[in-house]
Amino acid sequence: MRLCLGISIVLLSLVATAGCGSNQGYPDLIPVTGKVTLDGTPIAGLRVNFEPMEGRRSSGVTNQSGEYVLQYMDQKKGAVAGQHRVTIVWTGEAEDETEGESVPTDDPGSNSGVVIPSRYNAQSQLRAEVNPQTNRFDFDLTARRRR
């Protein structure tokens, strides 16, 4: 009985060790960060989505400094390499700068009521080419209509 228990523990350890170091089913991801401003002002609570031509999108929410970090899913950070369509929408929540968790932006200094023009979301023409050399993308949005 003790021999069976010992063998089982060794086998479980080998299986657990084999899983470490692999991507565990995730594609290769590249860390992506950036900053979003609207007419030069950082805006908290914007969801930044990077949608690749194929595969799952990555997204992040801007903090009080307008900074975002893309997450692929769960707590896995990054985006797949390649061309992405970028959309930016206001969510009303911001990333906590210290903990990385969403917090409501309902304080008096918040940006509640921010309207992001449709040219940055539903009709977005924003594009980003993610690769190991280019993984920071800043977006300076304008509320004014282009002529």
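Modeller: Let's start with a rule: two strands pair if DSSP finds at least two bridges between them, a strand being a DSSP run of E at least two residues long, numbered from the N terminus. This is a predicted model, where local features need pLDDT of at least 70, side-chain atom pairs count only at pLDDT 80 or more, and totals for chains, interfaces and linings use all residues. Residues are numbered from 1 along each chain as its sequence is written, and side-chain values use heavy atoms, with hydrogens and water left out.

Biologist: Thanks! What makes β3 and β8 a pair?

Modeller: Seven bridges join β3 (residues 46–52) to β8 (residues 82–90), and the rule asks for at least two, so they pair. The two strands run antiparallel, and L46 has W90 as its bridge partner in β8.

Biologist: And how do you know that β8 pairs with β11?

Modeller: Four bridges join β8 to β11 (residues 127–130), again antiparallel. H84, for instance, has A128 as its bridge partner in β11.

Biologist: Why is T62 called buried?

Modeller: Buried means under 20% relative accessible area, exposed over 50%, and partly exposed in between (1.4 Å probe, protein chains only). T62 has 0%, so it is buried. T62 sits in the loop between β4 (58–61) and β5 (67–69), and a polar atom of its side chain lies 2.6 Å from the backbone oxygen of I43.

Biologist: What makes Y26 and Y72 an edge-to-face pair?

Modeller: Rings of Phe, Tyr and Trp (its six-membered ring) pair if their centres lie within 6.5 Å; planes under 30 degrees apart count as stacked, over 60 as edge-to-face and the rest as tilted. The whole structure holds four aromatic pairs. In this one, Y26 and Y72 are 6.2 Å apart centre to centre, with 80° between the planes, which makes the pair edge-to-face.

Biologist: Which residues touch the most other members of the largest nonpolar core?

Modeller: Such a core is a set of buried Ala, Val, Leu, Ile, Met, Phe, Trp, Tyr and Cys residues joined through side-chain atoms within 4.5 Å. The largest has 22 residues, and F50, I88 and F139 touch the most other members. β3 gives the most to this core, with three residues. F50 also belongs to a ring cluster with Y68, F137 and F139.

Notes. A polar contact is a pair of N or O atoms within 3.5 Å; within protein, one must be able to donate a hydrogen and the other to accept it, and residues adjacent in sequence count only if both atoms are side-chain atoms.
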